[in-house]
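Here is a short report on the disulfides of one protein. Look at the structure first, then read on.

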Amino acid sequence: MISVTLSFLLALSPAAVTEIPKNFLLTESDARKPQPANVASEQGYKISDKLTDPLELNPCWHRKAVDRGRVAARTITLWTSAPSSSSEQLVLYKTPRAAHAALTRLRTEVKRCARKGDPSSPELEIRWRTSKVKVGDEAMGMGFETLQDGSVNDTISGVVARRNSALMIYTTTLGGYEPGGLAKATKKMAAKVCKLPGVC
């Protein structure tokens with residue numbers, strides 16, 4: 001009965017907005033500022049509006065997006081010479097049903113590919129994991145550790161959350177596995193995204 005009600009509500013929701021305003025993402029204003037030469041050598045941002053970009057949490061290592069129904073997307077990645085990296089991604093879908101399907105697919109893939117290695121780094125062992133996070137309509141903490149010869153090299157923490165027809169993802173390599181540390185930013189975007197017409 002619950003699943004029938006969910007399907008009914010998702011089907012009734014309005015169509016999604018077809019573009020994301022400039023500087024809408026939380027890190028976007030900083031990402032668009034020109035960097036002084038001395039800073040640009042130590043860190044940098046990349047902004048992409050490609051609908052074909054894969055989700056930033058990508059346990060099966062898809063080269064392109066495999067989810068359906070996208071109408072707009074923006075991905076911002078930050079690298080530093082530390083080395084460290086982080087990302088913010090917002091994807092808008094035609095319907096809440098399509099956004100729900102994308103998150104459901106991620107839940108399935110993180111189990112199916114929990115120990116699938118990165119084809120570009122066959123020497124590394126990769127272990128994905130998940131945890132509970134309460135954000136928006138539904139959410140999940142996700143991340144992985146990379147190990148080489150039994151020692152941990154890197155840890156990626158991430159949160160993916162859905163708010164009606166929008167999916168938002170935040171990731172970081174700083175610290176250990178702690179998706180809860182990204183919950184504040186995710187909650188802020190989950191509230192902000194409803195300002196876009198047709199999303200909520």
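## The pattern

Which pattern do the disulfides of the protein chain follow, with bonded cysteines counted along the chain? The pattern is 1-2, 3-4. The structure holds 2 disulfides (a disulfide here is a pair of cysteine sulfur atoms within 2.5 Å). A disulfide is a covalent bond between the sulfur atoms of two cysteines.

This is a predicted model: local features need pLDDT of at least 70, side-chain atom pairs count only at pLDDT 80 or more, and totals for chains, interfaces and linings use all residues. Residues are numbered from 1 along each chain as its sequence is written, and side-chain values use heavy atoms, leaving out hydrogens and water.

## Cys60 and Cys113

The sulfur atoms of Cys60 and Cys113 are 2.0 Å apart, and the two residues form a disulfide. The torsion about their S-S bond is about 95°, so this disulfide is right-handed. Cys60 sits in the loop between strand 1 (43-48) and strand 2 (70-80). Cys113 sits in the loop between helix 4 (96-112) and strand 4 (125-131). The pair therefore ties together parts that are 53 residues apart in sequence. Helices (H or I, at least four residues) and strands (E, at least two) are DSSP runs, numbered from the N terminus.

Cys60 and Cys113 are both buried. Buried means under 20% relative accessible area, exposed over 50%, and partly exposed in between (1.4 Å probe, protein chains only).

## Cys194 and Cys200

Cys194 is joined to Cys200 by a disulfide, S to S 1.9 Å. The angle about this S-S bond is -70°, and the link is left-handed.

Cys194 has a relative accessible area of 26%, so it is partly exposed. Cys200 also counts as partly exposed, at 44%.
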